[in-house]
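Open your viewer and get ready to select residues by number. This tour goes stop by stop.

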Amino acid sequence: MEPFVFSEIYSHLNKSLENIKKSLNLPILNKKIIDLESELSNGDIWGDHLYASKLSQKLSNLKAKKDKINNLSKALQEVEDFFELANSENDSLALDSVSKTVKALEIEISDLSILTLLSGKYDNLGAIMSFRAGAGGVEACDWTQMLMRMYERFCDSNNWGFKIL
């Protein structure tokens, strides 16, 4: 990987990660985590098991986002340091490793960006989808079945539940 190409990609990834940090507003995220932890440490809350489990799930999701951002920031810094070392020593094997790591980081940052967009009030709730073949006979029915299987596999790959009603 050429130094110019790496610096462009690194700059883009760093900018994307900073935009994610701004949109999640890390100081407020940290405050929410602290507030939820203190609320869950109160023994009285566990009397209402449903409410306590919702708070616990919310805390878990917030911590996962925070950890993901911290891990990506650290990985981005490490790959920059590794690139500088590999480039200074002209180590083609290490540069190939940097290239693979950068591609993996691009995917992870892109996924986190999408998750950031899906952080609204109702975005963690379920959805009901309806698949109907309509007019078209056997081919329309086959297409509907294929479409439903695609959505089912997509849900499975994202660890989302899928239930046929």
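**Before you start**

This is a predicted model, in which local features need pLDDT of at least 70, side-chain atom pairs count only at pLDDT 80 or more, and totals for chains, interfaces and linings use all residues. Residues are numbered from 1 along each chain as its sequence is written, and side-chain values use heavy atoms, with hydrogens and water left out.

**Stop 1: aromatic pairs**

A pair of aromatic rings is described by the distance of the centres and the angle of the planes. Here, rings of Phe, Tyr and Trp (its six-membered ring) pair if their centres lie within 6.5 Å; planes under 30 degrees apart count as stacked, over 60 as edge-to-face and the rest as tilted. The structure holds four such pairs.

Select phenylalanine 6 and phenylalanine 83. Their rings are stacked, 3.9 Å centre to centre with 15° between the planes. The pair links distant parts of the chain, 77 residues apart: phenylalanine 6 sits in helix α1 (residues 3-24) and phenylalanine 83 in helix α3 (residues 49-88). Helices are DSSP runs (H or I, at least four residues), numbered from the N terminus.

Are these two residues, phenylalanine 6 and phenylalanine 83, buried or exposed? Both are buried. Buried means under 20% relative accessible area, exposed over 50%, and partly exposed in between (1.4 Å probe, protein chains only).

Move on to phenylalanine 131 and tyrosine 151. This pair is tilted, with 5.7 Å centre to centre and 45° between the planes. Phenylalanine 131 is in the loop between α4 (92-117) and α5 (137-157), while tyrosine 151 is in helix α5, 20 residues apart. Phenylalanine 131 is partly exposed at 23% relative accessible area. Tyrosine 151 is partly exposed too, at 34%.

**Stop 2: salt bridges**

A salt bridge is a side-chain nitrogen of Lys or Arg within 4 Å of a carboxyl oxygen of Asp or Glu. How many salt bridges does a search of the whole structure find? It finds four.

Select lysine 21 and glutamate 18. Their side chains meet at 3.5 Å, N to O. Both lie in helix α1, three residues apart, about one turn of the helix. Glutamate 18 is partly exposed, at 34% relative accessibility.

Next, pick lysine 31 and aspartate 35. This salt bridge spans 3.1 Å, N to O. The two are separated by about one helical turn because they are four residues apart in helix α2 (residues 26-41). Aspartate 35 is partly exposed, with 37% relative accessible area.

Then select lysine 68 and glutamate 108. The closest N and O atoms of this salt bridge are 3.4 Å apart. Lysine 68 lies in helix α3 and glutamate 108 in helix α4, so the pair ties together parts that are 40 residues apart in sequence. Lysine 68 is partly exposed at 32%, and glutamate 108 at 31%.

**Stop 3: the largest pocket**

A pocket is an open set of points on a 1 Å grid over the protein atoms alone, where a 1.4 Å probe fits, with protein on both sides within 12 Å along at least five of seven lines; lining residues have an atom within 4 Å of a point. The largest pocket has a volume of about 2,000 Å³, the space filled by probe spheres set on the points.

Select Leu118, Asp123, Asn124, Leu125 and Trp160. Of the 46 lining residues, these lie nearest the centre of the pocket. Helix α3 supplies the largest share of the lining, eight residues.
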